[in-house]
Amino acid sequence: MPAPVRRPRRFFLCFALLALALAPAALAGNGGLAPPDPASPSASHIRDIYWLILAMTGAIFLLVVVTLVVFLVRYRSRGRPREVEGAQVRGHTNLELAWTAGPVVLLAVIAGFVFWKVSDLSATASSGAKVEITIDAHQYYWEFVYPNGAVSVDHLRLPLDKPVRLTIVSHDVDHSWWVPALGGKVDAIPGRTNHLTLRPTKLGTFRGQCAEFCGLQHAAMLSQVEVMPVSDYQAWVQHRGSLAGNIELGKETFVGVCAKCHGLAGQGDIGPNIASNPLLGERAGISTIIREGTGTMPAVGQDWNKAQLDDTIAYLQQHFHQGGSSGG
Ligand code: HEC
Ligand SMILES: [Cu+2]
């Protein structure tokens with residue numbers, strides 16, 4: 001009979017080499033395997049939890065698969081006729097105790113670690129006054145309202161290192177607020193008010209995506225969070241607070257709201273071409289469409305204040321109508 005004794009080792013070697021070859025690729029540049037670099041204490045807690053669980057489950061996976069392969073090879077039939085029973089294996093008390101107690105200990109470690117990290121999620125931001133910002137989710141944009149009434153669309157500005165309390169509501173269907181680098185994912189549910197507290201600790205712009213399928217243009221429901229030095233933030237909020245005649249807000253609203261369905265140049269997409277629509281010249285008509293919707297177009301601006309509506313119409317008219325410039 002040939003001696004197949006060394007084969008399991010070869011299997012194991014292939015396995016280990018494969019794992020070694022794939023690991024750097026998987027870990028490099030955060031190619032989707034790891035959470036993004038954290039920009040807030042809560043994001044970094046969530047990342048710690050992720051790595052601990054990945055390490056433990058990864059080790060268990062290797063243990064199970066390697067054992068499986070070794071046993072498959074070691075206890076194969078070796079040409080024994082099908083009718084003949086193989087060697088009988090009796091229980092092993094210590095092993096059985098170990099594989100009962102082991103998982104209990106591992107689960108306890110995971111639970112303890114998670115509770116420890118999670119207990120700190122909102123505590124990181126619980127001391128002192130918080131910046132209160134409301135996030136109103138709509139099909140298919142995010143409207144942010146700052147303490148002084150300033151408004152922005154899809155682009156949230158936050159002050160560095162200040163605790164922020166986000167109040168998350170929805171105007172129409174379920175959406176979900178999620179900016180991975182800042183940690184926390186909170187649903188926006190009609191008729192309910194949810195909260196998320198965080199403290200951004202890194203300057204920069206972080207990307208978010210609506211994480212609840214909310215309709216045709218769900219994929220376009222992106223957000224960016226710009227973390228600014230406190231003085232820049234204050235200057236921006238103050239400037240944006242004067243809403244009336246603010247063409248920047250009109251542009252932000254057009255790009256964040258209308259363009260998702262009508263295209264950036266109003267050329268038409270899932271909504272018709274509006275660039276040359278004479279309605280854009282009629283204040284009353286276009287107000288009604290924005291406030292109440294028309295046909296299959298939802299009432300996208302039902303809850304905007306008058307200034308935001310005016311700014312949007314001003315932008316539309318300047319851009320597509322009387323000014324005659326050709327969009328873009
Ligand atoms: C969710 C997608 C969506 C968004 C967002 C949206 N629209 Fe529309 N819009 C449509 C659709 C669809 C129609 C065609 C409605 C119909 O006739 O059934 C339409 C029609 C229109 C019309 C033509 C109405 C007519 O009777 O000729 C205008 C003007 C218009 N939209 C302006 C806007 C403006 C301004 C905004 C941003 C404030 C906006 N839309 C945002 C989907 C959208
Ligand atoms: Cu959404």
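Predicted model: local features only at pLDDT ≥ 70, side-chain atom pairs only at ≥ 80, totals over all residues.
Figure 1. His 262 belongs to helix H5 (residues 247-262) and Met 297 to the loop between helix H6 (283-292) and helix H7 (306-320), so the pair ties together parts that are 35 residues apart in sequence. For comparison, the ideal angles for six octahedral donors at a metal are 90 or 180 degrees.

**Figure 2. Packing of helix H5 against helix H7.** The axes of H5 and H7 are 7 Å apart and meet at an angle of about 80°, which means that H5 is roughly perpendicular to H7. On the H5 side the contact is made by Ile 247, Leu 249, Gly 250, Lys 251, Thr 253 and Phe 254, and on the H7 side by Gln 308, Asp 311, Thr 312, Ala 314, Tyr 315, Leu 316, Gln 318 and Phe 320. By residue class, the contact of H5 with H7 comprises seven nonpolar, five polar and two charged residues.

**Figure 3. Surroundings of Cys 261.** Cys 261 is a residue of helix H5. When residues up to four places away in sequence are not counted, Cys 261 touches Gln 217, Gly 268, Asp 269, Ile 270 and Gly 271. Cys 261 and Trp 236 are 25 residues apart in sequence, and their C-alpha atoms are 29 Å apart in space.

**Figure 4. The site of the copper ion (ligand 2).** Four side-chain atoms coordinate the copper ion (ligand 2) at 2.1 to 2.5 Å, namely ND1 of His 175, SG of Cys 210, SG of Cys 214 and SD of Met 221. The angles among the four donor atoms are 90 to 123°, and the site is tetrahedral. Along the chain, the donors of the copper ion follow the spacing H-x34-C-x3-C-x6-M. Cys 214, at 6% relative accessibility, counts as buried, and Met 221, with a relative accessible area of 0%, is likewise buried.

Figure 5. Val 173 is placed in the loop between strand E5 (164-170) and strand E6 (175-178), and because its relative accessibility is 31%, Val 173 counts as partly exposed. Val 173 and Glu 212 are 39 residues apart in sequence, with a C-alpha to C-alpha separation of 9.6 Å.

Figure 6. Gln 139 and Tyr 140 are joined by a cis peptide bond with omega of about 0°, and Tyr 140 lies in the loop between strand E1 (131-138) and strand E2 (141-145). Arg 78, although not a glycine, has a positive phi of about 55°; Arg 78 is located in the loop between helix H2 (41-74) and helix H3 (93-118) and is partly exposed, with a relative accessible area of 46%. Asp 154, also not a glycine, has a positive phi of about 65°. Asp 154 is found in the loop between strand E3 (151-153) and strand E4 (155-159), and with a relative accessible area of 12% Asp 154 is buried.

Methods:
Residues numbered from 1 in each chain as written. Chains lettered and ligands numbered in written order. Heavy atoms only, no water. Helix = DSSP H or I, 4+ residues; strand = E, 2+ residues; numbered from the N terminus. Axes fitted to C-alpha atoms, helices over the stretch in contact; angles between N-to-C directions. Parallel < 35°, antiparallel > 145°, perpendicular 65-115°, else oblique. Contact = heavy atoms within 4.5 Å. Nonpolar A, V, L, I, M, F, W, Y, C, P; charged D, E, K, R; others polar. Donors = N, O, S within 2.8 Å, 3.2 Å for Na, K, Ca; no water. Tetrahedral: all angles 85-135°; square planar, octahedral: opposite > 155°, others 65-115°. Buried < 20%, exposed > 50% of the residue type's maximum accessible area, 1.4 Å probe, protein only.
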